[in-house]
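This briefing goes through one protein model by topic. Look at the sequence and the structure first, then read the points below.

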Amino acid sequence: MSRIVYVNGDWVPEEEAKISVFDRGFLMADAVYEVTSVLDGKLIDFAGHAARLKRSMAELDMESPVTEEELLAIHRELLARNGIGDGLVYLQVTRGNPGDRDFAFPDPAAVKGGIVLFTQSKPGLADNPVAKVGMKVISIPDIRWGRRDIKTVQLLYPSMGKMMAKKAGADDAWFTEEGGVVTEGTSNNAYIVKGGKIITRQLSEDILHGITRAAVLRFAREAQMVVEERPFTIAEAQAADEAFVTSASAFVMPVVEIDSAVLGSGKPGPVAARLREIYLEESRKAAV
Ligand code: PMP
């Protein structure tokens, strides 16, 4: 069945949706995006995603083509039009179509940003069987640009990273800097657990400020778990009791193998399992 997508104010079947060849999102990856998960027809942490979108746009001197209220209304109508129970809403805001290809940013008063939203239906999104067995990750050098805190659509290297993982028989990759210091996963934030302590890299321009990360750390602290925000290496991770990743689409997902080293028992650990449970429970309660 064809989806209904939202393109610059219009609701259209996906086959009829059109974006200009001159759109800067297409020509220059001059666009930002968000992914919000949907459980039981409701949006998980919409306010967090809307706030990060606003921040990404501000960092790039982009003006929002819609207000936050309009954005929520568009999300809801999109879910209704596509009958989404469990799934994902993808949103992209581009700097728009200035008419010609040119490196300089167009005047935002003259060129309005473009906005596109579409859904991906994922029945049983919260019951992903991988959560029961855990993921295998490999490490690869982080050669992305230096503003990873801005959620741009420059996803070529993360895509390459996923392909490298696939080729190596793994599920995903963690990016590392000199000395094997982990930044984050290709599309998620990375954590280890040692002696009951949850360790994850501190926020900076080096990583995306995960919306799931913020919620999970808040829930962990509320549950009296100890959280340490600092860098860790692959070697430290391989010697950890547990590891896991967080993202809007995977929630909390255990990692059981890092560069072929099996963690602990090789099964998902209790901290990741507990955090996944709390996160899903609390997020469902607060969903809009
Ligand atoms: N880091 C990167 C590089 C990502 O692409 C994502 C997912 N968009 C995340 C972290 C997790 O962010 P969130 O929890 O907001 O999905």
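Is Asp 142 buried or exposed? Asp 142 has a relative accessible area of 11%, and the cut-off for buried is under 20%, so Asp 142 counts as buried. The model is a predicted one.

- Asp 142 belongs to the loop that runs between strand E7 (135-141) and helix H5 (156-167).
- The side chain of Asp 142 is in polar contact with the side chain of Thr 183, at 2.6 Å.
- Thr 186 is found in the loop between E9 and strand E10 (189-194).
- With a relative accessible area of 8%, Thr 186 is buried.
- The side chain of Thr 186 makes a polar contact of 3.1 Å with the side chain of Lys 162.

**Salt bridges**

- Side chains of opposite charge can pair when their charged atoms come close.
- How many salt bridges does the structure hold? The number is 24.
- One of them joins the side chains of Arg 24 and Asp 30, with 2.7 Å from N to O. Both Arg 24 and Asp 30 are buried.
- Another salt bridge pairs Asp 149 with Arg 147, and their closest N and O atoms are 2.9 Å apart. Asp 149 has a relative accessible area of 1%, so Asp 149 is buried.
- Arg 221 and Glu 229 also form a salt bridge, with 2.8 Å between the closest N and O atoms. Arg 221 is partly exposed at a relative accessible area of 42%, and Glu 229 is partly exposed at 34%.
- Asp 142, Arg 144, Arg 148, Glu 177, Glu 184, Arg 201 and Asp 206 form one network, joined by salt bridges that share partners.

**The ligand and its surroundings**

- Where does the ligand sit? The ligand is in the largest pocket.
- The ligand is surrounded by 17 residues, and the closest are Arg 52, Lys 151, Glu 184, Thr 212 and Ala 248.
- A polar side-chain atom of Thr 212 is 2.6 Å from an oxygen atom of the ligand.
- A polar backbone atom of Ile 211 lies 2.8 Å from a ligand oxygen atom.
- For Ala 248, too, a polar backbone atom lies 2.8 Å from an oxygen atom of the ligand.
- The ligand taken alone exposes 390 Å², and the protein buries 93% of that.

**Positive phi angles**

- Ala 29 is not a glycine, and its phi is positive, near 55°.
- Ala 29 lies in the loop between helix H1 (24-28) and strand E3 (31-39). Its relative accessibility is 25%, so Ala 29 counts as partly exposed.
- Asp 40 is not a glycine either, and its phi is positive at about 50°.
- Asp 40 is placed in the loop between E3 and strand E4 (42-43). Asp 40 is exposed because its relative accessible area is 56%, and the cut-off for exposed is over 50%.

**Distance in sequence and in space**

- Asp 259 and Ile 138 are 121 residues apart along the chain, and their C-alpha atoms are separated by 4.6 Å.
- Asp 259 is in the loop between strand E14 (251-258) and strand E15 (261-262). At 29% relative accessibility, Asp 259 is partly exposed.
- Val 133 and Glu 15 are 118 residues apart in sequence, and the distance from C-alpha to C-alpha is 38 Å.
- Val 133 is part of helix H4 (residues 130-133). With a relative accessible area of 53%, Val 133 is exposed.

Technical notes: Residues numbered from 1 in each chain as written. Predicted model: local features only at pLDDT ≥ 70, side-chain atom pairs only at ≥ 80, totals over all residues. Heavy atoms only, no water. Salt bridge = Lys/Arg side-chain N within 4 Å of Asp/Glu carboxyl O. Buried < 20%, exposed > 50% of the residue type's maximum accessible area, 1.4 Å probe, protein only. Near = heavy atom within 4 Å. Polar contact = N/O pair within 3.5 Å; in protein donor to acceptor, adjacent residues only side chain to side chain. Areas by Shrake-Rupley, 256 points an atom, 1.4 Å probe, with all protein chains shown as cover. 1 Å grid on protein atoms, 1.4 Å probe; cavity = no way out; pocket = protein on both sides within 12 Å on 5 of 7 lines; lining within 4 Å. Sits in = over half its atoms within 2 Å of the grid points. Helix = DSSP H or I, 4+ residues; strand = E, 2+ residues; numbered from the N terminus.
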